[in-house]
Amino acid sequence: MRSPRHSSSSILIGSLVFAATSSCTQRLQDACTALSTALPSLVTFPNTTLYALENTYWSARQSTLAPSCFVTPTCAADVSTAIKILTSLSTPFSVKGGGHAAFPGGSNAAAGGVTIDLLHLTSLTASRDRRTVSVGAGNRWINVSAFLDPLGLAVVGGRVADVGVGGVILGGGISYFSGLYGWACDNVRSYQLVLSSGAIVNASARENPDLFWALRGGAGTNFGVVTRFDLAAFEQRDIWHNSLLFPGALNATLIPLLQNLTVNGLPADPQTHTYFVMAYLPALGGHVILSDQFRAAPPPANTTPAVFQAFNDEALLPTIVKTTTVANISTVSRAIDQAYGSRQTWSNTAVSATSAALLVEFVPLYEAWVSKLVAAANGTDVSPLMIYQPIPLNVLRAMQANGGNALGLTPSDGPLMIVQLSVSWASSALDEVVESSCKDLIGSVNALAAKRKLGNGFVYVNYADSSQDVFASYGKENLARLRLVAKKWDPKGLYQKLWRGYFKV
Ligand SMILES: Cc1cc2nc3c(=O)[nH]c(=O)nc-3n(C[C@H](O)[C@H](O)[C@H](O)COP(=O)(O)OP(=O)(O)OC[C@H]3O[C@@H](n4cnc5c(N)ncnc54)[C@H](O)[C@@H]3O)c2cc1C
């Protein structure tokens, strides 16, 4: 159905042939043709090397989609041109930042649609006063840190090298520095974005403040294609990273330590950050626990920050592996990068972090889920993880700065624990059991938390499964406000209708 050819004449011939068979195909052919006429050499078609490169995503499930073409703008004006063409021809589309959404279609259009790949928007500039860094929306976090590390600066951004700037910031953005400054979205000074009309506008506390609020957690897909983020920068040198791998048998000891860390330790030392991963690794004897710990300012050499001390008592809690590094953000973020090539999913919810017993009670549910998936995989690769990511009170307080974000989280909700499920697997035959078992486990976690009167139900969009009702979890008032903002800036609802795949308000 799609023309794999590059020259506009052959595409035109193709579209004439197709015109006789399908008006839908004609419209689509027109869209890719019109894009390649308006943006010469920036459109790629199937069966080319460039198309194959652009159709590479972290989750193999996204790469199974085959958009009719990719368009790769080089500046905001190009994005505007692309949006005008796509909306005028009613062509469904998606936008790819760093391509790390897990579910199919999260940032790739299906056959019959067009994917706007922002990969060329890689500008990076620091202001003379060192307080603001302007970041093109096609950058990965490694580009940002490789630029900032030599300057002795950092921003509140994603923790992992290859992940895209766009998706992380627009959904929220949990960072090494969140204890000090909140999530990434709380530290955006200004967004430059392309509306569904094609207009290029800015959103900041002074300029279009309603849009500015909505973009801080409301995800771009409802409001506009962001082409540049102006981020608050701060002085930063090497950070401290401690990575501890424990046998799973220690979870009943370690989880209460994590809970205490969330309630007391992290707020007492806001320079610190942590997450906690339960994994099943038969090669290492079965269930294991990874505790990753960070501090923005490294402690004195060969010492451990006081709040992490309890995890680091080898006599009481022997590790399988322990690695401590003091290094720049680029080095640390590369060390935790995750490989491409597997099918991926995730889902999440949040519960009160005030009860260690509740967090321990989830473990047998998790272990039963792992057994089910390992049995279903029948020897093929499957890696189910349950991850605890704390949202301590200091982070919730920092989120209220700059007028607050759209996530609907306040200090009175906290402290919270994000309970995240993440599965990588090899065979598409497992898709159904993976998806349904994740849904069941999140349901059981929420039900148990509700029974103990410790539920919360916030769903972090950047770790959500496509079936989760993300924006309802922001609260009725915030959802209504997000809808009003979307309606005001996209009165015809073009983004709601044509921008496919991700979460809609
Ligand atoms: C290995 C790994 C590490 C991660 N680490 C973190 C972490 O440290 N902190 C954290 O909070 N999350 C983290 N995440 C989750 C991450 O926030 C999401 O996967 C996020 O969607 C990735 O952004 P992306 O630009 O790479 O993804 P994409 O798949 O390209 O985009 C995700 C969504 O954002 C939209 N989008 C992207 N760019 C723009 C733009 N410029 N304008 C409008 N819409 C846009 C896309 O259309 C899509 O809907 C991680 C994920 C992975 C896989």
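# Exercises on a predicted model

A backbone N or O atom of His 100 lies 3.0 Å from an oxygen atom of the ligand. The structure is a predicted model, in which local features need pLDDT of at least 70 and side-chain atom pairs count only at pLDDT 80 or more, while totals for chains, interfaces and linings use all residues. Residues are numbered from 1 along each chain as its sequence is written, and side-chain values use heavy atoms, with hydrogens and water left out.

## Exercise 1

State which elements give two or more residues to the shell around the ligand, and how many residues surround the ligand.

**Solution**

Step 1. Begin with the backbone. Besides His 100, whose backbone N or O atom is 3.0 Å from a ligand oxygen, Gly 97 has a backbone N or O atom 2.7 Å from an oxygen atom of the ligand. For Ile 174 a backbone N or O atom is found 2.7 Å from a ligand oxygen.

Step 2. Turn to the elements (DSSP runs numbered from the N terminus: helices are H or I with at least four residues, strands are E with at least two). Strand 3 (93-96), helix 7 (165-171) and strand 10 each give two or more residues to the shell. Helix 7 contributes the most, namely four residues.

Step 3. Count the shell, in which a residue is included if one of its heavy atoms lies within 4 Å of the ligand. The ligand is surrounded by 35 residues, and the closest are Val 95, Gly 97, Ser 107, Arg 159 and Tyr 460.

## Exercise 2

Determine how many residues the largest nonpolar core has, and which strand supplies the largest share of this core.

**Solution**

Step 1. Buried means under 20% relative accessible area, exposed over 50%, and partly exposed in between (1.4 Å probe, protein chains only).

Step 2. The largest core contains 112 residues, and Trp 183, Tyr 191 and Leu 211 have the most contacts inside it. Strand 10 (residues 225-235) provides the largest share of this core, six residues. Another core, of 44 residues, lies apart from it; Val 351, Trp 369, Val 370 and Tyr 388 are among its members.

Step 3. Examine one member, with contact taken as heavy atoms within 4.5 Å. When neighbours within four places in sequence are set aside, Leu 211 is in contact with Leu 193, Leu 195, Val 201, Ala 203, Phe 223, Val 485 and Trp 489.

## Exercise 3

Decide whether Asn 222 is buried or exposed, and identify the residue whose side chain it joins in a polar contact of 3.0 Å.

**Solution**

Step 1. Asn 222 sits in the loop between helix 9 (209-215) and strand 10. Asn 222 counts as buried because its relative accessibility is 0%.

Step 2. A polar contact is a pair of N or O atoms within 3.5 Å; within protein, one must be able to donate a hydrogen and the other to accept it, and residues adjacent in sequence count only if both atoms are side-chain atoms. The side chains of Asn 222 and Gln 496 are joined by such a contact of 3.0 Å.

Step 3. Outside four places in sequence, Asn 222 is in contact with Phe 471, Ala 486, Gln 496, Phe 503, Lys 504 and Val 505.

## Exercise 4

**Solution**

Step 1. Gln 344 belongs to strand 15 (residues 343-352). Not counting residues up to four places away in sequence, Gln 344 touches Trp 58, Ser 59, Arg 61, Ala 102, Val 423, Ser 424 and Trp 425.

Step 2. Val 326 lies in strand 14. Beyond its neighbours within four places in sequence, Val 326 is in contact with Asp 238, Ile 239, Trp 240 and Pro 298.

## Exercise 5

Find where Asn 302 is placed, and name the residues that a cis peptide bond joins.

**Solution**

Step 1. Recall the background: most residues other than glycine have a negative phi, and most peptide bonds are trans.

Step 2. Asn 302 lies in the loop between strand 13 (286-295) and strand 14 (321-327). Phi of Asn 302 is positive, near 60°, and at 83% relative accessible area Asn 302 is exposed.

Step 3. Asn 378, also not a glycine, has a positive phi of about 50°. Asn 378 is in the loop between helix 12 (356-377) and strand 16 (382-391) and counts as exposed at 67% relative accessibility.

Step 4. The cis peptide bond joins Gly 414 and Pro 415, with omega about -5°. Pro 415 is in the loop between helix 13 (393-398) and strand 17 (416-425).

Notes:
Core = buried A, V, L, I, M, F, W, Y, C linked by side-chain atoms within 4.5 Å. Near = heavy atom within 4 Å.
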